[in-house]
Amino acid sequence: NLEPILSVFKDLGYKIVLFLGRITLQKGPEYFLRAAKKVLDFEDKTIFVVVGSGDMQETIVSEAFHLGISDKVILAGFIRGEERDRIYQSADLYVMPSVSEPFGITPLEAVANGTAALVSKQSGVSEVLNHVLKVDFWDIEDMANKILAVLRYKALRADLTNESKKELANINWDKAADKCLNIYSELIG
């Protein structure tokens, strides 16, 4: 159970940055770790949590070791349900650095659990959510700077959290379907 461990870190004043998704090339976990290295140069009291499983797990372990940050990275494996929700809730920021993401449900889950989010501009969800931070997946400097901003400025984190949660209330599949039907109707005639 990851929750008690994160609670201890929080009590010690650590910030928690979360990656939750498949550990695959498409999801960009290596970019998450490279940004983590840059963040840790400025904010040593930060823990980076990687939740998920996939074919890049060994690569991620190796990457954390080679970057010299394995003591600040927790690889939690696959988590679901209420435990997953509590992990979102304990995080200061959720990061989705996907290389290619048709949509991306995890940022919506983060927002629903009251967590600020940073997503790649290459994800479909970046077109739907306006009150999240956005970066190109490959721009490690920008990603690190935005992570640092959220960790350092409580007002920014609170604003992102509150506004994205309001925005989420207006997103639903029925509205999306109606919008598509209206476009089709206009195109047909």
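Predicted model: local features only at pLDDT ≥ 70, side-chain atom pairs only at ≥ 80, totals over all residues.
Which residue follows helix 3, and is its phi positive or negative?

View A. Helix 3 is followed by Gly68, and the phi of Gly68 is positive, near 75 degrees. Within helix 3, the buried residues are Ile60, Glu63 and Ala64. Seen down the axis of helix 3, these buried residues fall within an arc of 100 degrees, so they line one face of the helix. They pack against helix 2 (29-40) and strand 3 (73-77). On the face turned away from the buried side, helix 3 carries the exposed residues Glu58, Phe65 and His66.

**View B. Glu58 in helix 3.** Glu58 lies in helix 3, which comprises residues 57-67. With a relative accessibility of 71%, Glu58 counts as exposed, because the cut-off for that class is over 50%. Glu58 and Val8 are 50 residues apart along the chain, and their C-alpha atoms are separated by 26 Å.

**View C. Helix 6 and its buried face.** Helix 6 has 13 residues and reaches 18 Å from its first C-alpha to its last, close to the 18 Å expected at 1.5 Å a residue. Its buried residues are Ile140, Met143, Ala144, Ile147, Leu148, Val150 and Leu151. Viewed down the axis of helix 6, the buried residues fall within an arc of 165 degrees, so they line one face of the helix.

**View D. Helix 7 and its packing partners.** Helix 7 consists of 16 residues (residues 154-169), which should span 22 Å at 1.5 Å a residue; its end C-alpha atoms are 23 Å apart, in agreement with that expectation. Buried in helix 7 are Arg157, Leu160, Thr161, Ser164, Glu167 and Leu168. Seen down the axis of helix 7, the buried residues fall within an arc of 140 degrees and therefore line one face of the helix. The buried residues of helix 7 pack against strand 1 (15-20), helix 5 (106-112), strand 5 (116-120), strand 6 (133-135) and helix 6 (140-152). The exposed residues Lys154, Ala155, Lys166 and Ala169 are carried on the face turned away from the buried side of helix 7.

**View E. Glu167 and its contacts.** Glu167 is found in helix 7. At 12% relative accessibility, Glu167 counts as buried, because the cut-off for that class is under 20%. Leaving aside neighbours within four places in sequence, Glu167 is in contact with Val128, Leu129, Asn130 and His131.

**View F. Ser120 in strand 5.** Ser120 is found in strand 5. Its relative accessible area is 0%, and Ser120 is therefore buried. Apart from neighbours within four places in sequence, Ser120 is in contact with Met96, Pro97, Ser98, Ser126, Val135 and Phe137.

**View G. The second largest pocket.** The second largest pocket has a volume of about 180 Å³. Its lining is formed by Leu20, Gly21, Arg22, Val51, Gly52, Ser53, Phe78, Ile79, Arg80, Arg84, Thr106 and Glu109. By residue class, the lining divides into four nonpolar, four polar and four charged residues.

Methods
Residues numbered from 1 in each chain as written. Heavy atoms only, no water. Helix = DSSP H or I, 4+ residues; strand = E, 2+ residues; numbered from the N terminus. Expected span 1.5 Å × (residues − 1). Buried < 20%, exposed > 50% of the residue type's maximum accessible area, 1.4 Å probe, protein only. Arc of directions from axis to C-beta. Contact = heavy atoms within 4.5 Å. 1 Å grid on protein atoms, 1.4 Å probe; cavity = no way out; pocket = protein on both sides within 12 Å on 5 of 7 lines; lining within 4 Å. Points joined across faces, edges and corners; volume = space filled by probe spheres on them. Nonpolar A, V, L, I, M, F, W, Y, C, P; charged D, E, K, R; others polar.
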